[in-house]
Amino acid sequence: MKQVPQQQQQEEEWSGGSRRGFSFSDALQTYNYAVELASKYDNFRHFYTGPPFEMRTPGGFQQKINKGSRRGDIGSEYRSFYEGATSLIIQPSRAPPEGSIVIRCYNHQTLNDRLDYILQNMDLESKQTLLGGLEDTLPLAKSHPELTKDFELMIGPDGQSYHVDLDRAKGGNPRRREEQFFEGCLDGAIDIVKMSISMETGQVQEDVGNVKRISTTTLTKSTKNETEKEYELLEICHRPTNVGKFEHFQTSQNTLQECPPIAKDKPIIILDGRGYGRTGNKLTEFLHAIQETRDRGLQLGVMKHSWVMGTILPMWMAISNVKYTRGWKRHFERSFCIKIFDHKSQLRGYREVIPMESKELLFYRSEVPFGEYMASQQRTIRTLFRNYNTGVGRDVWNQRVRDMCSGIRSLFGEAVGDATYSVIHSRSLEGEPGFRLLNNVARKVGCDPVAALEMRPDYVKSILEPLGLMHRPIVLITDGQNSDVVRRLKADEEIGPLLRTVPSKDSWIGGDITLAIMSDAFIGNPASTFAGFIAKSRASLGFGHS
């Protein structure tokens, strides 16, 4: 943003008849453009408070402009803009927050230095706000590439970012070199902020690699692989998975595009109220909601106190500090490409709001190719487990979350990382209805119509013996509706001595999920959505034997 002459206070000037050739119609077009973008995108901010107007040059103005002769005087800086002007175009604007800086993409070292300067005095919540603003700018600029032309962004000390010098966008789309400069400098700025956050929290933020100062080697996304960190496996409860700690850049580009900005002129599905069924159903409904919006090109919104938050936050994505709720919200939204609404009043202004019943989502069937569907589902599940709860933090109701590792730790203690074990999930599905459900699955996939419900010892041994797991602990998790299953397994001479259950004080739904997913083999009921989520998660984390 240009320096505003002191006598104009909170108004910004453009010259008429200057060599820039900026007319009143240009100024009005710029103002309307800013208002239009702000109405479409929640993350677009500008300083304009009203439309521009034109006035004759005040007496003494030219004299003051011509008076400055030394470098740094107001007159010397603005003489080429205003010299000889008979009228001025005034754009009413709010004054920027004190201590704000402007970052530009034409000089990487200047950008680095300015970011370092403002980050030094910025608290954690403000840094997280800044990170969200920078990340939101990338997809916004993809939808409106004209914004990248001679790109500038103002950053306040509270982390809020503002789009400035919008008059430059009227010149049309940028040249390819300008686009490359924009992509490279914003990627680098995002990495710098992520590293600052990780140094303050002691935790590596998502996708933070070997952060380097911006240089010509990071001008395009095609060169990002050159600075990626070495492949590191994701660990859950000190047990390694077979996927990376961070989403591989090339894989994520092939399977999913960056989150598009939420726009008020596009339809948005809203999830609210109570979910349908138990935890397994609700987890499936959440996965299907994300899938359906991707399939149909819609937007997804979630009410803050809906069944979604009641299902996800007790196990994943906890709010680590209630003071930093805004940063958590940004992280959650960008992780799943959704919008969180605190109140229904925030939906005003959206062109089409589509309330979605969770039962509809449970039975949603995607029509995209299977490989694309699996890649999409796996990305969502991996995101959850890259953010699993460890007993630190709270949910949106300010209730303390539990440790997802409590079950596995209670059984194996310090040996959790080296333990070899299998898990049996006994789910009766409310008696007779369970047999009907499993029969339907058996007709479709060819599995046994009763074996997974009865869980007889011979059935269990036929699975575990070929895997060499009949001399290792066998952990049983159950809904408690069929005591015959437990009795038969305990009575078997081979299985009985190996059978273990989680102590009641450490047993809960999240602990059971992690215990089953991180096992060496899992035996469940294919008609159960709970077992289905476990099997899908195991596949997403690179495990077989489900």
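**Figure 1. Contacts along the protein chain, in a predicted model.** Among contacts (heavy atoms within 4.5 Å) between residues at least 6 apart in sequence, 74% join residues at least 24 apart. The model is predicted, and local features need pLDDT of at least 70, side-chain atom pairs count only at pLDDT 80 or more, and totals for chains, interfaces and linings use all residues. Residues are numbered from 1 along each chain as its sequence is written, and side-chain values use heavy atoms, with hydrogens and water left out. The protein chain holds 19 helices and 16 strands, where helices (H or I, at least four residues) and strands (E, at least two) are DSSP runs, numbered from the N terminus. Of the 546 residues in the chain, 52% are buried; buried means under 20% relative accessible area, exposed means over 50%, and partly exposed lies in between, with a 1.4 Å probe and protein chains only.

**Figure 2. The packing of helices α12 and α19.** Helix α12 (residues 370–385) packs against helix α19 (residues 529–540) at an angle of about 90 degrees, and their axes are 9 Å apart; axes are lines fitted to C-alpha atoms, for helices over the stretch in contact, and angles run from 0 to 180 degrees between N-to-C directions. The two helices are therefore roughly perpendicular, a term for angles of 65 to 115 degrees. On α12 the contact is made by Tyr373, Gln377, Gln378, Ile381, Arg382, Leu384 and Phe385, and on α19 by Phe533, Lys536, Ser537, Ala539 and Ser540. By class, this contact has six nonpolar, four polar and two charged residues, where Ala, Val, Leu, Ile, Met, Phe, Trp, Tyr, Cys and Pro count as nonpolar, Asp, Glu, Lys and Arg as charged, and the others, Gly among them, as polar.

**Figure 3. The largest nonpolar core and the surroundings of isoleucine 312.** A nonpolar core is a set of buried Ala, Val, Leu, Ile, Met, Phe, Trp, Tyr and Cys residues joined through side-chain atoms within 4.5 Å. The largest one has 59 residues, and those with the most contacts inside it are Leu271, Ile312, Trp316, Phe332 and Phe385. Helix α8 (residues 279–296) supplies the largest share of this core, five residues. Leaving aside its neighbours within four places in sequence, isoleucine 312 is in contact with Leu283, Phe286, Met317, Phe332 and Leu384. Another core, of 21 residues, lies apart from the largest one and includes Ile101, Leu119, Cys185 and Val193.

Figure 4. Valine 423 belongs to strand β13 (residues 422–426), and it counts as buried because its relative accessibility is 0%. Apart from neighbours within four places in sequence, valine 423 is in contact with Val475, Ile477, Leu515, Ala516, Ser519, Ala521, Phe522 and Ile523. Helix α18 (residues 509–517) is mostly covered, with eight of its nine residues buried, among them Leu515 and Ala516. The C-alpha atoms of valine 423 and glycine 524 are separated by 8.3 Å, although these residues are 101 apart along the chain.

**Figure 5. Two loop residues with positive phi.** Histidine 238 lies in the loop between β7 (233–236) and β8 (239–244), and its phi is near 65 degrees, a positive value in a residue other than glycine. Histidine 238 counts as exposed because its relative accessible area is 57%. Asparagine 398, in the loop between α12 and α13 (406–412), has a positive phi of about 65 degrees although it is not a glycine. Asparagine 398 counts as partly exposed, with 42% relative accessibility.

Note on methods: Angles under 35 degrees count as roughly parallel, over 145 as roughly antiparallel, 65 to 115 as roughly perpendicular and the rest as oblique.
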